[in-house]
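Visitor: I would like to learn how to read the packing of a helix in a model. Could we go through one together, step by step?

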Amino acid sequence: MTEREQDFTRLVREYKSTIYAVCYMFSKDNDEVSDLFQDILLKIWSGFDSFRKESSPKTWIYRIALNACISADRKKKKSGERVPLSIGIDPFDEVNENALQLRQLYSRINRLGLVDR
């Protein structure tokens with residue numbers, strides 16, 4: 001593995017949770033989140049050499065992730081295509097207090113505009 005590939009791998013490992021957090025703001029479907037994650041990784045890899053370090057890596061990755069998700073959401077809305085949530089369990093089931101708080105949090109996040117998410 002080249003030094004560039006090692007640096008990229010280290011960066012992705014460190015900020016993987018940031019990428020997933022942005023992806024989950026735009027979709028609840030695991031397959032769609034995986035697709036968004038892969039698309040974001042490609043965009044990060046494409047711009048990796050041009051990153052000038054004028055901002056923190058986390059900020060840079062967050063902006064790439066946010067812009068990729070906004071673009072994907074716009075494309076999805078234009079095509080009218082919606083991917084239904086098809087998991088067998090309900091992660092927002094009101095079984096305990098934490099699940100209820102999580103459901104309320106996502107409900108409030110989904111009421112925000114795209115940019116505010």
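Visitor: Which residues of α2 are buried?

Guide: Before answering, note that this is a predicted model, in which local features need pLDDT of at least 70 and side-chain atom pairs count only at pLDDT 80 or more, while totals for chains, interfaces and linings use all residues. Residues are numbered from 1 along each chain as its sequence is written, and side-chain values use heavy atoms, with hydrogens and water left out. Buried means under 20% relative accessible area, exposed over 50%, and partly exposed in between, with a 1.4 Å probe and protein chains only. By that criterion the buried residues of α2 are Glu32, Val33, Leu36, Phe37, Ile40, Ile44 and Gly47. These residues lie on the same side of α2, because they cover an arc of only 140° around the axis, the arc being that of the directions from the helix axis to the C-beta atoms.

Visitor: Which residues are exposed on the other side of α2?

Guide: There, Asp31, Asp35, Gln38, Leu42 and Ser46 are exposed.

Visitor: How many residues does α2 have, and how far does it reach?

Guide: Helices are DSSP runs (H or I, at least four residues), numbered from the N terminus, and the expected span of a helix is 1.5 Å times one less than its number of residues. Helix α2, residues 30-47, has 18 residues and reaches 26 Å from its first C-alpha to its last, close to the expected 26 Å.

Visitor: What covers the buried residues of α2?

Guide: The cover includes α1 (3-26) and α3 (57-79). Contact means heavy atoms within 4.5 Å, and on the α3 side the residues of α2 that meet α3 include Leu36, Ile40 and Ile44, with Trp60, Ile64 and Ala68 among their counterparts in α3.

Visitor: At what angle do the axes of α2 and α3 cross?

Guide: Axes are lines fitted to C-alpha atoms, for helices over the stretch in contact, and angles run from 0 to 180 degrees between N-to-C directions. The axes of α2 and α3 come within 9 Å and cross at roughly 130°. That makes α2 oblique to α3, since angles under 35 degrees count as roughly parallel, over 145 as roughly antiparallel, 65 to 115 as roughly perpendicular and the rest as oblique.

Visitor: How do the axes of α1 and α2 cross?

Guide: The axes of α1 and α2 come within 10 Å and cross at roughly 140°, which makes α1 oblique to α2.

Note on methods
Helix = DSSP H or I, 4+ residues; strand = E, 2+ residues; numbered from the N terminus.
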